[in-house]
Each structure stands twice: as C-alpha cells, then as structure tokens.
Amino acid sequence: MESLSTEVKEKDIEEGIKLDCGVIYSKDGTRLLHYTNYDNHNAESYIIREGTQIICNSAFTLSKLKRVILPDSIIAIGDNAFQDCNYLKDINIPETLLSIGSNAFSDCWSLEDFYIPDSVKYIKENPFLRCYNLNLRRLSSKHFRVIDQMLIDHRGLLISCVNDTNIICIPNGVTAIGDNAFDGLSTNEVVIPNSVTSIGRFAFYGCTLLSKVKFPDSLVSIGDYAFAECHTLIDLNLSDLEIKIGYWAFSHCYSLKRIKLPKSFDHININPFVGCYNHNMQVYIPCQAKYYLIDHMVIDFDGILISCFKDCENIVIPDCVRSIGKYAFYECKSLKSVYIPDSVKTIEDFAFADCESLTNITIPKAVTYIGDYAFSRECVVSDIKIFLNDSTNFNPKSSGIGLFSGNIILIHRNY
C-alpha cells in the first residue's frame, strides 16, 4: 500500500495510472493525483473511481467541472484540492471523510450547499475561502458546529465564515479566529466577544467595506496581515491592551483617522501599519505606554523606530532613535527629505523602500549597517542620491546596497 499523503511528488506522476481522459491516479489506485482540465474542457461532471481514498493537493484546481461525485471510500481531501473551481455547483461528501485540507474549496463561487458529515475530525485553514454563495450544513457533532454560517471546532477555533452580512457577531465561546476566516467578506462591522484571545493571519484580509471592529480586553495577539487592505476602517482602538501584533497587520488601511495604540509593542520588529499615512491622523497612546510617540513616530524604549503615521515631505528623526526599523517609512509617497541624527546606528531592511518622492538622503557617519532594499524603489525613473561620509564604517555589499533595486547613486564626501 502506498503512502496516503495528500502531497504529490514528481515520482508519483511518473509512476501513476494515466487514464484516457487525462486523469492521473496513483499506481495502487488509492489517490487521485491530478485532473487535467485541458483534456476534459467539455466535461461538466466527473465520477471519481471506487476505491479512491485521497484527493490530493490541488488535484482539481481550475477545473471547469460543475459536478464531482465522490465514492464512499474517500477519507481525505487535500489542500487546494478544488481551488478556483468557479463552476463547481454540486459535490457529495461521503460519511467516510475524515479530513478537509486548507483552502480546499476556496473561490468555488458557484458552490451553494456543503454538508459536513459527522465522520470529519480535521479541518485545516479555511477551506471555504471566498465561497460567497455557500450554505454550510452540520448536524450535531462532537468535532464541529455551525452557527450563523460560521464553522467552529470543538476547541473554540472559528475556522470559516460564509455569512457575508453587514454585521457579524462572533458567538460567545469562540477562543480564536483562524487564519483567513473572514478573508474577503463585504461585512461592515464585526463584534468580537471577550472569549477571543487571538486573531489569526489574514483573518479579515481584504474586507474592504469593514469600517468598525471592537476588540475585546481578552485579546493577546493579532496575526500577520490580519486586517490588511481593510480600506474603509476608520477607527482603531487597541488601548489598554498588552498585545502581540504581527507584521503588516493593519497595512493599507487607507481610511484610518484615529488610532488608539496598545500599552506595549512587544515582539514587534516590522511595521504593522505600512501604508496607513494620513495628514490628519489622530494617534493616541495610553498611560504607562512602553514606547514613545514623537511627531507621529512610534519609538520603543530600545530606540527602534517602528512606524510612522505621517505622510509629509520632510521628516526629522528624533535623536533618541538608534535604529530605523524594517518598513518604518515604506511607501511614504510624499517624503522628499529625511534628517537622520548621529544617534542612528542601523537602517533596517526596506526602511525607506518605495518612497517614490525621496531624492536624496545623508547617512551619518555613525551608521554601521544598512539593510537589504532599504531604499529600493520600483517603477521610479528619478535617481536617489545617498550621501556617505568617508569615515562611515560599513561595507555596502554586506549591508545590502548591492542588492537594491531602482536607481541608486552613492556619493562619498568629506565633512
């Protein structure tokens, strides 16, 4: 018996059973490895062979099938197995199924009904991502429950939501919001209960109409890109929380006007607010905050400049700063000049990347390290001149300057 893994290796394809219709099974017939859409472009349905136990990762990706019939032998559906099957409307789920992989049915826009049998014990990261027309059905089960079209496991992890309504109230008892759980929904408001302690990666990514979120006092972590590209989010209240915030967690929330920052920025070394620049931004810090807020720049007690909320032409970096953090001024479109004090020793990766108006900058002699792509720019014709003191002690190649993209001119001069 071959391995019942959902992963497909090149050797599996080479040794597999290739049918006339272009479908490939493993040599023992237990795994469906690949469905070739090009050989079946006129087919609207497919019956998977009896005895098949595994539908492998990405097996049906991009197929134009409208109906797939699964045999009672199926025990696992792999990651991305039916991803981007935009025409898929009907699929039967047998009572033998044990697991459903990550993004297994993502972007199946035509899928209207999905029954989760009691046999299913494992469901990975949101398998129903952007299935806007889907109705989830789940009878009583010790492993999963469905409440208002939100799929929740027995531990309290909210795996998926296909309830694309104006206001979503997450049920009490949910302890964690999973990766990609609400990704791409058009909801306007989300109410999160006090039982929730963590919000996963990409949890609300691309919810472009989301304008209001109330964070509970119980929250201790927000994952990478969790609220990125939420273009209509206006207020962000994280005050009184001691919270771990992932990188780019609120990136490109262009409409933000008021931010109440948390007590602590512990564990943050990459700007979570990339692209959140607003001339009229109101930024507040709580009492006993474990960082400084100086002229819309967030600086921790170690002297690391984490983020800047002000998109202006000229920036004067305070002399308490010893390091300009990763992505600190990334995409600051209006920035033309920066004053860097002698207190700064390092400029980290992408610190001034894609600052398309920046034309010259002077690096003080105290700087010993410049990170990769710190000043890189894409699709910008004008040059940027970087002035270096002859006594500046760093190696451009080891510091990443040799890896920069864009038009970079290094100018050494004496002071």
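In which strand does Ser160 lie? Ser160 belongs to strand β15, which spans residues 157–161 (strands being DSSP runs of E of at least two residues, numbered from the N terminus). The model is predicted, with local features requiring pLDDT of at least 70 and side-chain atom pairs counting only at pLDDT 80 or more, whereas totals for chains, interfaces and linings use all residues. Residues are numbered from 1 along each chain as its sequence is written, and side-chain values use heavy atoms, with hydrogens and water left out.

Ser160 has 0% relative accessibility and therefore counts as buried (under 20% relative accessible area, with exposed over 50% and partly exposed in between, for a 1.4 Å probe and protein chains only). Beyond residues up to four places away in sequence, Ser160 touches Asn126, Phe128, Gln149, Met150, Leu151 and Ala181 (heavy atoms within 4.5 Å).

The structure holds 27 aromatic pairs (rings of Phe, Tyr and Trp, the last by its six-membered ring, with centres within 6.5 Å; planes under 30 degrees apart count as stacked, over 60 as edge-to-face and the rest as tilted). Among them, Phe250 and Phe273 are stacked, at 5.7 Å centre to centre and 15° between the planes. This pair links distant parts of the chain, 23 residues apart, with Phe250 in the loop between β23 and β24 and Phe273 in the loop between β24 and β25; both Phe250 and Phe273 are buried.

The rings of Phe350 and Tyr373, with centres 5.4 Å apart and planes at 20°, are likewise stacked. Phe350 is partly exposed at 23% relative accessibility, and Tyr373 is partly exposed at 30%.

How values were computed. Helices (H or I, at least four residues) and strands (E, at least two) are DSSP runs, numbered from the N terminus.
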